[in-house]
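Please walk through this model with its ring pairs, charges and backbone angles in view. The sequence and structure come next.

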Amino acid sequence: FYNTKMNSLHIPTSLKETEDNSFQNCSIDNVYIQDLIAWINVKFSSGKYGWLNGSSPMSNKVKEIYINGEAVRELIIPEGVTGISHEKFLGGNITNVILPESIESVGNSFTLSGDVYCKALTPPTFGGYSFRHKDYSKVTIYVPSEHYSDYKNSYCPNDCKFVAYDF
């Protein structure tokens, strides 16, 4: 798909990994994901230099992300997911992201316009830009009140703000 303009891209559940430059310089308006867990588990090639190098269709910030035919606004990551790698949900019109108790790591994965609710009792490992606000303001991450001090003493991606929250 290198250097291609697409109105839509349908991600099949059979996709397991992508190669370097698979989506380099692509312009994709809409990405349709059939199975959220299958998508989260797709491996993007990190290339010989150690970065993604256009291997994700989200590399160029798509206009809209659909899961099971529905435009995503509030993205709820299912319980059992332990990690989300880089560039899984860049673009679209995601407002809020809800991370499960099971989450342990989050790469540079999300573009959103709202907040993040992280139910994990132990602070996950975050990438430097795990969450990017569309307007470049600070992202607020709501965390379990009883574990707020653990979060407060952990790394906060992209200069975010942790807030205690009762789930």
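**Rings, charges and backbone**

F89, F110, F126 and F131 form a cluster through ring pairs. Rings of Phe, Tyr and Trp (its six-membered ring) pair if their centres lie within 6.5 Å; planes under 30 degrees apart are stacked, over 60 edge-to-face, and the rest tilted. This is a predicted model: local features need pLDDT of at least 70, side-chain atom pairs count only at pLDDT 80 or more, and totals for chains, interfaces and linings use all residues. Residues are numbered from 1 along each chain as its sequence is written, and side-chain values use heavy atoms, with hydrogens and water left out.

Start with the rings. A pair of aromatic rings is described by the distance of the centres and the angle of the planes. The whole structure contains 10 aromatic pairs. In one of them, the centres of F89 and F110 are 5.4 Å apart and the planes are at 5°, so the pair is stacked. F89 sits in the loop between β8 and β9, and F110 in strand β11 (residues 110-112), so the pair ties together parts 21 residues apart in sequence. Strands (E, at least two residues) are DSSP runs, numbered from the N terminus. F89 and F110 are buried. Buried means under 20% relative accessible area, exposed over 50%, and partly exposed in between (1.4 Å probe, protein chains only). The areas come from the Shrake-Rupley method, in which only the protein chains shown count as cover for residues.

What is the geometry of the rings of F126 and F131? Their centres are 5.7 Å apart and their planes at 65°, so this pair is edge-to-face. F126 and F131 are both buried.

Now the charges. The structure has 3 salt bridges. A salt bridge is a side-chain nitrogen of Lys or Arg within 4 Å of a carboxyl oxygen of Asp or Glu. K5 pairs with D29, with the closest N and O atoms 3.7 Å apart. This pair links distant parts of the chain: K5 is in strand β1 (residues 5-11) and D29 in strand β3 (residues 27-33), 24 residues apart. K5 is exposed at 60% relative accessibility, whereas D29 is buried at 13%.

D29 also meets K63 in a salt bridge (3.4 Å, N to O). K63 lies in the loop between β4 (43-44) and β5, and D29 in strand β3, so the pair ties together parts 34 residues apart in sequence. K63 counts as exposed at 57% relative accessibility.

R73 forms a salt bridge with E64, with the closest N and O atoms 2.7 Å apart. R73 is partly exposed at 36%; E64 is buried at 10%. Through shared partners, salt bridges join K5, D29 and K63 into one network.

On the surface, E79, E101, E146 and D166 gather in a patch of negative charge. Such patches take residues with over 30% relative accessible area and no salt bridge, like charges being joined within 9 Å. Asp and Glu count as negative, and the place of a charge is CG of Asp or CD of Glu. D166 follows β16 (161-165) and is exposed, with a relative accessible area of 63%.

Finish with the backbone. Most residues other than glycine have a negative phi. N68 has a positive phi near 55°. N68 is in the loop between β5 (64-67) and β6 (70-71), and is exposed at 55% relative accessible area. E87 has a positive phi of about 60°. E87 lies in the loop between β8 (83-84) and β9 (96-99), and counts as buried at 17% relative accessibility.

How values were computed: Patches are made of residues with over 30% relative accessible area and no salt bridge: like charges are joined within 9 Å, nonpolar side chains (Val, Leu, Ile, Met, Phe, Trp, Tyr) within 5 Å. Accessible areas come from the Shrake-Rupley method with a 1.4 Å probe; for residues, only the protein chains shown count as cover. Helices (H or I, at least four residues) and strands (E, at least two) are DSSP runs, numbered from the N terminus.
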